[in-house]
Amino acid sequence: MSAAVELKNVGKIFARADLNGTMAALEDVNLSVEPGAFVSLLGASGCGKSTLLRIIAGLETPTFGEAICGGEPIRGTDPRRGLVFQEHTLFAWLTVRGNIKFALKGTKKYKSERSEIDGWLELAGLAEFADSYPHQLSGGMRQRAALVRALAVSPDVLLLDEPLGALDSFTRMTLQDELARLWRERHSTMIMVTHDVDEAIYLSQRIIVMSARPGRVREILNVPMSYPRNRASDDFTELRGKILKSMDFAGDIQQDYAI
Amino acid sequence: MKRAERAMTAWELRRLESAPKSKLRRAARRAAALLPAILAGAMIAEYKLVPAFPKYASNPIAYPISNMYVYFAAAFGAALLAWFAVSLVSRRAHEKLLLKTPLYCVLIILLIAYDLMTLKTGKLKMPYFPWADRILLAIYEDRLMLLDCISHSLVLLFSGYLIGGAAGLVTGVAAGWSRRVSYWVMPLIRLLGPIPSTTWISIILVVASSLFGGSVFMIALGVWYPVTMAALSGVGNAQRGNFEAARTFGLGSARLVFKVAVPAAMPSIFNGLTQGMSVACTALMVAEMLGVESGLGWYINWQRGWAEFARMYAAVIVICLTFTAVNFALTLARRRVLRYQEDWK
């Protein structure tokens with residue numbers, strides 16, 4: 001199951017206690033995500049991408065404009081919009097199995113079927129660690145557990161806030177493959193916030209590049225490559241160059257002359 | 001986590017890794033493990049063979065010398081021998097025994113020295129330094145009364161502790177969760193908290209309708225403050241991500257408090273409960289010395305009236321053992337509830 005997400009002229013202003021004033025985190029953001037799409041929000045820190053994600057999740061309300069999910073305006077959190085953060089989402093006092101059970105019980109989808117939870121653990125490759133506590137797992141395993149817990153309640157939209165940011169690059173690449181696989185199997189809409197250009201190109205169908213202060217959409221790029229993608233391919237490199245240039249991190253290609 | 005992994009500390013691991021390889025050294029270590037048992041035998045020998053100070057030996061009515069000491073030493077020695085026997089088959093038992101050997105040896109040597117200085121040579125004078133046997137005899141003779149006192153004390157202690165702890169949990173969690181509650185509770189905490197609960201003694205003595213009730217109140221008040229502060233800060237420090245994730249699973253405010261805030265605050269709450277136990281034990285002793293009708297504090301006071309130092313020391317030992325047991329129970333509870341944490345010792 002999946003749903004469309006639409007943002008119309010969304011703006012967000014935060015009050016700043018230190019300056020006794022306000023700060024515009026987002027300004028005039030227009031976004032339309034079709035059901036079942038994989039979209040990345042890419043930008044440096046401070047460009048409001050996390051704020052945008054939180055607005056879609058329902059954790060923040062937009063100061064201007066409206067946010068719509070599945071045809072209905074977004075009012076508060078909902079199990080149909082699952083959330084995976086960088087850290088600190090797993091409940092430390094519950095085992096992996098307990099965490100998934102918590103999610104299922106909360107959304108009243110729990111049919112006291114142990115096998116259902118076992119299925120999810122299998123999918124995440126955590127079957128052996130079902131009764132382990134989060135502190136006993138590595139960072140990659142913890143994120144896998146958080147992912148599978150969010151997926152267990154079958155959300156229409158999965159919102160990922162730099163889910164692989166705290167992991168080393170090898171674990172990150174492995175989990176990127178897993179994320180892609182889960183997306184292709186579940187067909188839920190995926191909206192991912194990342195600061196890693198390669199990750200955005202590897203996973204998403206569309207990349208929304210944002211600029212900071214105030215947060216605006218700078219450019220929307222399509223990634224017309226087929227899955228699974230090759231990180232070393234020419235298309236990949238070309239797109240990376242294009243994005244970095246758009247974000248002013250790469251100059252024009254210079255020729256070296258030897259005289 | 002397997003218990004075997006948790007039981008070994010880094011120190012023990014290092015000892016294990018530096019274990020001697022030669023057969024001679026291993027035999028020497030085995031023999032060393034036998035030393036405390038041998039010394040326990042020496043304890044008995046010293047007691048029986050070295051003659052008592054003439055002043056004490058000649059007056060058995062005023063200065064009774066019994067065999068309690070022998071029984072105690074024999075029991076200790078027998079336990080050590082049993083441990084040694086087990087250590088011959090179990091590697092872990094051997095490592096643990098070897099670890100404790102120096103401690104037990106010094107302990108026994110100190111006991112032997114104390115006996116020599118009190119009973120055998122009279123260098124440390126009565127009535128302030130009763131010999132070990134006298135204290136053991138005092139415990140034995142008054143065992144029924146001591147048991148009664150223990151049960152009275154524990155009833156008072158746990159009544160106050162549980163009431164104070166529960167009240168502290170409720171106020172702490174509520175104040176940590178709701179700003180409105182915090183508005184009313186914080187001034188109360190700031191005012192009452194720093195006042196030691198024993199300050200209220202005079203007022204309680206006048207106002208309370210029963211001494212038991214008044215004492216329970218005093219203990220509960222003492223326990224309330226650390227538990228409230230701990231619960232408050234525990235809830236305040238809970239990770240925001242936990243709450244947000246729980247909200248996406250459809251939990252409303254009420255369930256968020258019980259299912260997320262409280263479990264997240266548990267480590268802090270247990271710190272508060274441990275502190276509270278310490279305050280409760282202090283308040284208990286004070287409350288009992290004021291005029292309850294039974295209990296360990298009352299017993300010490302009563303024996304002081306008779307200048308029965310041996311019985312007073314006996315009561316102190318009993319208090320030590322009782323509170324050690326109580327704290328051990330608390331530790332077990334903590335270990336069970338917080339089993340998801342790493343390496344809590």
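Visitor: Which residues in α4(A) meet residues in α5(A)?

Guide: A:Gly139, A:Gly140, A:Gln143, A:Arg144 and A:Leu151 in α4(A) meet A:Thr171, A:Leu175, A:Leu182 and A:Arg186 in α5(A). Contact requires C-beta atoms, placed from the backbone, within 7 Å. This is a predicted model, where local features need pLDDT of at least 70, side-chain atom pairs count only at pLDDT 80 or more, and totals for chains, interfaces and linings use all residues. Residues are numbered from 1 along each chain as its sequence is written, with chains lettered from A and ligands numbered from 1 in the order in which they are written.

Visitor: Why are α4(A) and α5(A) called roughly parallel to each other?

Guide: Their axes, lines fitted to C-alpha atoms over the stretch in contact, cross at roughly 15° and come within 11 Å. Angles run from 0 to 180 degrees between N-to-C directions, and those under 35 degrees count as roughly parallel. The two helices therefore qualify.

Visitor: Where do the domains of chain A lie?

Guide: Domain 1 covers 5-80 + 158-246 and domain 2 covers 96-154, with bounds from an automatic or database domain assignment. Their C-alpha centres lie 25 Å apart.

Note on methods:
Helices (H or I, at least four residues) and strands (E, at least two) are DSSP runs, numbered from the N terminus. Angles under 35 degrees count as roughly parallel, over 145 as roughly antiparallel, 65 to 115 as roughly perpendicular and the rest as oblique. Two residues are in contact if their C-beta atoms, placed from the backbone, lie within 7 Å.
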